[in-house]
Structures are given as structure tokens and as C-alpha cells.
Amino acid sequence: MADAPGCCHPCATCLLCLYSCQWITAKKEKRKGLRTTKCDCSWFLFLFCVFLFTLVWLYFAIIILNDFHNFNEFIFKQRKLWLDWSLVLLIATAVLITYSAVLLVLALWLQLCGQPLKLHWLHKILLILTALVVAAAFTGLGIKWAEEWRSAHISLQATGPFLHIGIVGGMTLLAWPLASFIYRTRNTGLKVFLLLVYCTVMIALYLSPLGITSPCIMEENELPPKPALVGHRGAPMLAPENTLMSLHKAVDCDVQVFETDVMVSADGVPFLMHDEELTRTTNVKAVFPERAALNSTAFNWTDLQQLDAGSWFLERRPFPTVQSLSAGDRYQASKQKIPSLEQVLEAAKQSNISIMFDLRPENHSDYQSFVNATLEVILQSGIPLQQVLWLPDGFREQVKEQAPGVQQVYGRKRLQNEKEPLLHVNLPYQDMSSEEIRQYRQDNISVNLYVVNQPWLFSVLWCSGVSSVTTNACQVLKEMKHPIWLFPSSTYLMIWMVVDCASFLAILWAFLLLK
């Protein structure tokens, strides 16, 4: 094999050393008669597939970051260990994609330099391990977190046009080593096969925009109003969740609804708490070590008031934003207590913010008494009932009778032959398509989707016409004045044609230049 023009012997030797883990100079390589065998080609194909496999996993890893706080809470519930597992995920994924990418680049350069692709056995083992790790990650995702497949499908509405450009660009660059290989090999059958595969893939890529749909491909004047923000347990990136500080931070973010969770103490006082146990968000292990594993409803209000509901936020740092808090905010966070529903309703009334809540736990034997205690506090608080959004399904008819002004929010889609039309629905963002959102909007049904933290997801739902979103990142979404991107159909068509034409000309140039 003759070296390609411009590929010096020292460079070729270094590349061969890194790829094959053997220090063979170009002259020695010629003397030994080393050639790329069919087995070597098979390992190169495996390397290419592992790189693509890992690249797809990287895409999934970035997409599921929107929901990763839920995963952190799940692990804590199971193992009582708090760690930001998203960092572990990103670091491990970065290592795998970097390793396979470096090997692939080395192989492509070796091909351009006319050197043999003798992959070292250690690289082969590591590539197999990489493929197994990524396969295990996908399997675990499918078993334990299947809804993320729907998240990935939604993400394509935001990334589809840009993925098309990126993949076309990558395949265009691949034309150079492919042309070099085709002109060097003497196997006519292999040449025809590779050209057919490459041309088929490129034609499919050139036509793929015909299948790309996104609600953000629209005219500027068709863009729906920006969705209202619902603070998920307040503003949990800026303050301890389900505290008065979190409510006030949410108000500062222009949040219109404070979403929370209510439980009722052993002596009948409704209070704010999400988890069935107090261990994650309080210091109950230090104050009541022998009772720490009990349900939150087993504590009376006097006991609950002894607990610190803020220091955990500074110690565990559930979100990276905790590091950037001011000294004043840190001090205020450290002084937070578990608030009663009465305190929260008073704060909501003063701030002119609505409150939406679940009443937990739904399977409790005294759930009806929980409903009665909660209704009593609401009616005595003096808050305008239209500012209260009721989520629990249990004893909903009783709530309608005793507090008819309370807004009923349903955690399901509307049914056929619905006796009473739904006015408000609250669903996971994966459960509604853009078409359904548009239909509900036309029928004057308010749709709130949760939990939406990433700007790309907020942009897709904004373009779809959703009424509001529940978010942990109100401080981020507040600053968005426009979706991340918005293309009129004519502009998108022009970009598509320019990219495909430029790619075709570059491929043609590569094959003509290397001939």
C-alpha cells in the first residue's frame, strides 16, 4: 500500500502505534507485508457500530437529564444514599464516547495514510466491554424507566432538523476515507457493495426531512402564548422544597401556581411534605432516631416543628444551583421549618399566587379525615377558592359540595361521553402529543404538563400550545422570551436544500480528488 499524498512516515508510524499498540515504522510495515485482512475490516465495522451505539446513548443521556432528579430521589428511597447520579452518568458516557471516537478517528486516518488496520487485542476487549455497558444501560432504561423512550421521541421534535444536518455532515466527511479505500482495494464486489450501502444511506438522509415533524416549524405570528409556570414544590433549585422560602422564590420567578404535597399530622394539622418518610428533607434521624422510619403522618405537629427542613438542602446540594446561592439565601435556607398548610395559604393569598396540591398518602385508612381537615383549613384561610387547585381523586364529589369554588384538576385525559366536561388536566409531559395539546386548547381545556426543566422541552411544548408547565427550573424558564428555535416552513425547506446540495458536492469532490 502506498501512502496517500501528504501523509508523512512519522505520522503514519504514530497512528499505527496508537491503533495497533505496536511500534512499526512504515518501512518495516512494508517489509513485513502487513495488509488489512477481512478480519481487520470486520473489527473496523464493529468499531464503527460501537461508536454509533455509544453516540445514541449519549443523546439519550442528555435527554433524560430533564427527569434525573426523580431518579436521584428513587435511589435515595431505595438505598438512603443521596448522590447526583447525573454526574456519574455524564462522566461515564463521556469516557466511552471519547474512547470509541478516538479509535475511529485513528482508523480513518490510517486508511487515508494507506496503513494496515491492525487493531490491538486490548482495544478489541475494551470495545466489547463498551458495547456491553451501553447495551446494559439501554436495557435498564427500558425496564425501570420506560417512559424515557417517549421523552426521546418528543426530543426529536426539538432536535430533528439539527440531527439531520449533523448526520449529513458526518456521512459527508466519511466520503474521504471511503473513497480512499475504494480506490485502493482490488475487490470489485466489495467496492460495489460499499458504494451501494453508502449511496442508499445518503439518499435516505437527503429525503429524511420529509418525515421530520416539529410544532416549532411555523410562522412567527402563529406562535401560541408562552405557557404559565407552575413551581414544582416551589423553586427547589433555589430553596428547600415545600418550604415558605421556596414559595417566595417561586413568586420571584413569576410563577403563577405553587405546586405542593400535603399530609396531615397525627393530631390533624395539614402540612407540606412530599415523601412518606421525613429522612430525605429533614433531620429526623438526629432528633427522633428511633422514629425516623415512621410515616410522616405518624408525627404530631409539635414534633414536626422541632425538625430542620432546610439544612439538608445545603449539605446534599440536590441541584448544582445550590453552590451559587448568596450568603443570605444560605442562612435563610438553614432556618426553614416544615410549614403548615395554613401558613402556606396565607403566604399564597398575600402573594396572589394559586396553590395546587396532592393529598398524601392516598391509601391511608384515615384518608377521608385528611380530606376533611384539609378542606376545613382551606375554608377558614380566607383565600379566594379559585386560587385553590384540587388534584386528589379521593372524595372529589364531597369537595365539590363543600367548596364549589375550588378548581378541580384531573390527572387523566378526558373520556368519551364525559358527564361533566373537564376544565383542567395535569399530566406527565410524555402522555400528551402535540396534536392532543392543540385539540384540548381549541376546546378550552387547560393543560398542565410536568416536570419540564430543560429549555428544549419547554420550547416544544410552547410551540404545541400547552397552557402551563410544572418545573423545577422556574428561574431558567422565566428568562425565555422565545422558543429556542422557530422556523417558517419556507426557511426550513431552504436550509434542507442547501445542506443536501453542499453535502452532495463535497462527496463528489472527495471521490474526484482522490481518484
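Buried means under 20% relative accessible area, exposed means over 50%, and partly exposed lies in between, with a 1.4 Å probe and protein chains only. Arg-414 is partly exposed by this scale, with a relative accessible area of 33%.

The model is predicted: local features need pLDDT of at least 70, side-chain atom pairs count only at pLDDT 80 or more, and totals for chains, interfaces and linings use all residues. Residues are numbered from 1 along each chain as its sequence is written, and side-chain values use heavy atoms, with hydrogens and water left out.

A salt bridge is a side-chain nitrogen of Lys or Arg within 4 Å of a carboxyl oxygen of Asp or Glu. The whole structure holds 18 salt bridges, including those in the table.

| Salt bridge | N to O distance |
|---|---|
| Lys-118 and Asp-40 | 2.9 Å |
| Arg-280 and Asp-275 | 2.7 Å |
| Asp-443 and Arg-414 | 2.7 Å |

Helices (H or I, at least four residues) and strands (E, at least two) are DSSP runs, numbered from the N terminus. Asp-443 is partly exposed, at 34% relative accessibility.

Arg-280 and Asp-275 are buried. Salt bridges with shared partners join Glu-73, Arg-233, Glu-241, Asp-275 and Arg-280 into one network.

Lys-118 forms a salt bridge with Asp-40. This pair links distant parts of the chain, 78 residues apart: Lys-118 is in the loop between helix H5 (85-112) and helix H6 (121-144), and Asp-40 is in helix H3 (residues 38-63). Lys-118 is partly exposed at 23% relative accessible area, whereas Asp-40 is buried at 7%.
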